[in-house]
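Please look through the structure below before reading on. The paragraphs after it go through selected parts one by one.

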Amino acid sequence: MKNWFKKAASVLLVTTLLAGCSFGGKEESSNTPQALKVMYYDEGSFFQEYGMLFSTLYPEIEISVVTTQSIYRGNSGENGEEVDYEKARQELIDKEKPDILMLDIAEYEKMSQDGKFTDLEAFITKDKFDTAGLVPGMIDYMKELGGGQLYGLPSGFSSQVLFYNKGLFDKFNIPYPTDNMTWNEVIQLARQFPTDGEKEDRIYGLKAGYSGNLSELAQTMAQSEGLNYVNPATKTMTINTAGWKNAVQTAYDAIKSEALYFEAQDNMGFSGSYNDYLLRNPFTSNRVAMTIDGSYYIRDLKEAAEYYSKEEGKIVKDWDIVTIPVSSQMPDHSTSTWYNNIFAISKDSPNADAAWKFISYISSEEHARVKSKLTYNNGFSIHTKYIKDDEGHNFAAFYKLKPSKPTMDYKEFEKLPKQFSMMYYSYMEEEFKAIQDGNKSVDDALASLQTKGEELLAQESMTDEEVNKLWEERNAEQMKQMQEAAGESGSVDTVIVE
């Protein structure tokens with residue numbers, strides 16, 4: 001399999017060179033054969049994304065891939081018990097002893113704190129590795145997660161931004177959005193657009209999610225502020241707070257203003273062409289002034305503009321981007337920025353020099369230049385020089401915000417009573433719906449959620465059977481309430497609860 005990949009690498013290299021890419025500046029490779037083990041989720045994906053190019057440049061380094069697929073196949077162990085993925089991953093590491101590990105943010109932080117990796121600073125200093133052109137704040141963030149040491153480098157990053165239709169803002173004489181605006185500021189901009197007209201044709205200020213439920217929007221705003229409804233480490237509820245009240249009230253006011261568009265408003269099936277499908281997004285078709293999306297949406301915009309180029313006004317033409325709404329307390333951070341595929345060197349690796357050669361290459365400007373000519377799946381390069389747009393859009397918005405450090409320890413969350421994990425979200429949906437329907441105040445709903453959460457946390461963890469029974473009883477009670485409400489209103493709708 002690996003021989004096939006390396007043959008394919010030669011083909012790829014020729015193609016790349018013909019496309020005008022250069023591999024200039026590579027150090028002379030050693031003729032001494034070396035071997036590297038890389039832990040990655042899939043062998044084919046690894047060689048397509050990284051291994052083919054590296055193997056062509058460093059043929060003396062033989063790479064084998066330790067795949068992690070076996071850990072995540074299925075949801076239970078041999079006897080039906082839940083899999084401890086962290087334990088299973090560590091057992092695979094102990095058995096295979098990879099030199100390089102590919103990690104997500106949570107894995108990187110946990111294993112860094114456990115002393116599992118080699119500090120990269122000495123390699124960076126020795127090779128005079130240039131970090132000046134990397135995404136601003138990335139190195140400091142990786143050091144923060146590593147307890148002050150740099151143990152790994154991401155190979156890319158992804159983020160979301162706020163797209164805005166400059167033509168609509170100009171038409172209604174409304175100032176453009178700017179970087180680092182809060183949710184409240186963006187909502188206020190959205191509310192300046194007119195709300196008259198039929199739903200199918202009118203202009204909306206902001207496309208804001210799918211359902212239009214208060215629960216969805218309020219939790220999105222709360223998350224951007226770094227708010228959790230529970231502290232799993234101390235088993236205390238944190239939802240009845242000023243921060244949550246502000247998030248819920250802001251979301252409630254936004255929904256009631258009718259300035260927001262939700263995808264569920266157009267929930268009919270679709271059977272047209274792909275180009276017609278592109279128009280389903282109301283931002284694309286000039287009906288929404290702002291929307292939140294990732295870099296992949298730019299492709300949709302360009303494809304729609306090309307197809308409908310002869311139909312003036314049908315497609316948004318003059319658009320730009322700014323940073324996604326941020327927290328007023330942390331205006332330079334975002335929960336919608338992610339560093340992808342972090343590579344670190346095992347502390348016990350006997351091949352640390354060769355491992356660094358791999359990491360330094362895939363983190364280099366040289367690799368970023370080559371990959372910018374190819375199709376890849378891991379978001380943007382970590383080199384800002386190659387995050388650019390020929391049409392002058394504000395692409396700096398993609399990397400201006402730093403990732404927010406995870407505030408929820410999911411391993412601690414798993415230690416909470418099972419009935420809390422299963423039941424509490426349902427209570428949140430119910431209480432937020434009561435607010436949205438005008439049957440409860442924000443203060444009363446959050447106080448109720450605080451009390452219900454505390455009651456669940458105070459209980460001993462139930463068995464799976466007991467939790468399922470509790471869930472069934474709650475579903476039956478909800479069904480009864482819906483049927484009673486339907487009878488009072490004369491509705492003949494049938495409600496099915498799975």
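Where is the place of Lys235? Lys235 sits in the loop between strand 6 (230–231) and strand 7 (236–237). Helices (H or I, at least four residues) and strands (E, at least two) are DSSP runs, numbered from the N terminus. This is a predicted model, in which local features need pLDDT of at least 70 and side-chain atom pairs count only at pLDDT 80 or more, while totals for chains, interfaces and linings use all residues. Residues are numbered from 1 along each chain as its sequence is written, and side-chain values use heavy atoms, with hydrogens and water left out.

Lys235 counts as partly exposed because its relative accessibility is 43%. Here buried means under 20% relative accessible area, exposed means over 50%, and partly exposed lies in between (1.4 Å probe, protein chains only). Not counting residues up to four places away in sequence, Lys235 touches Lys415, Leu416 and Leu457; contact means heavy atoms within 4.5 Å. From C-alpha to C-alpha, Lys235 is 8.6 Å from Ala458 in space, although the two are 223 residues apart in sequence.

Next come the strands. In a regular strand the side chains alternate between the two faces of the sheet. In strand 3 (residues 100–103), Ile100 and Met102 point one way, Leu101 and Leu103 point the other way, and all are buried. Strand 3 runs parallel to strand 1 (residues 34–40), and two bridges join them. Opposite Ile100 of strand 3 stands Val38. Strand 3 is also joined to strand 12 (residues 337–345), by four bridges, and these two run antiparallel. Leu101 has Ala344 of strand 12 as its bridge partner. Two strands pair if DSSP finds at least two bridges between them.

Now the helices. Two packed helices are described by the angle between their axes and the distance between the axes. Axes are lines fitted to C-alpha atoms, for helices over the stretch in contact, and angles run from 0 to 180 degrees between N-to-C directions. Helix 5 (residues 105–113) and helix 7 (residues 138–145) pack at about 55°, with their axes 8 Å apart. Helix 5 is therefore oblique to helix 7; angles under 35 degrees count as roughly parallel, over 145 as roughly antiparallel, 65 to 115 as roughly perpendicular and the rest as oblique. Ile105, Tyr108, Glu109, Ser112 and Gln113 of helix 5 make the contact with Tyr141, Met142 and Leu145 of helix 7.

How do helix 10 (residues 214–224) and helix 11 (residues 242–256) cross, and at what angle? Their axes come within 8 Å and cross at roughly 130°, so helix 10 is oblique to helix 11. On the helix 10 side, the residues in contact include Leu214, Leu217 and Met221, and on the helix 11 side they include Trp244, Val248 and Ile255.

Two loop residues remain. Most residues other than glycine have a negative phi, and most peptide bonds are trans. Asn180, in the loop between helix 8 (166–171) and helix 9 (183–190), has a positive phi near 65°. At 24% relative accessibility, Asn180 counts as partly exposed. Glu258 has a positive phi near 65° and is found in the loop between helix 11 and strand 8 (260–261). Glu258 is partly exposed, because its relative accessible area is 48%.
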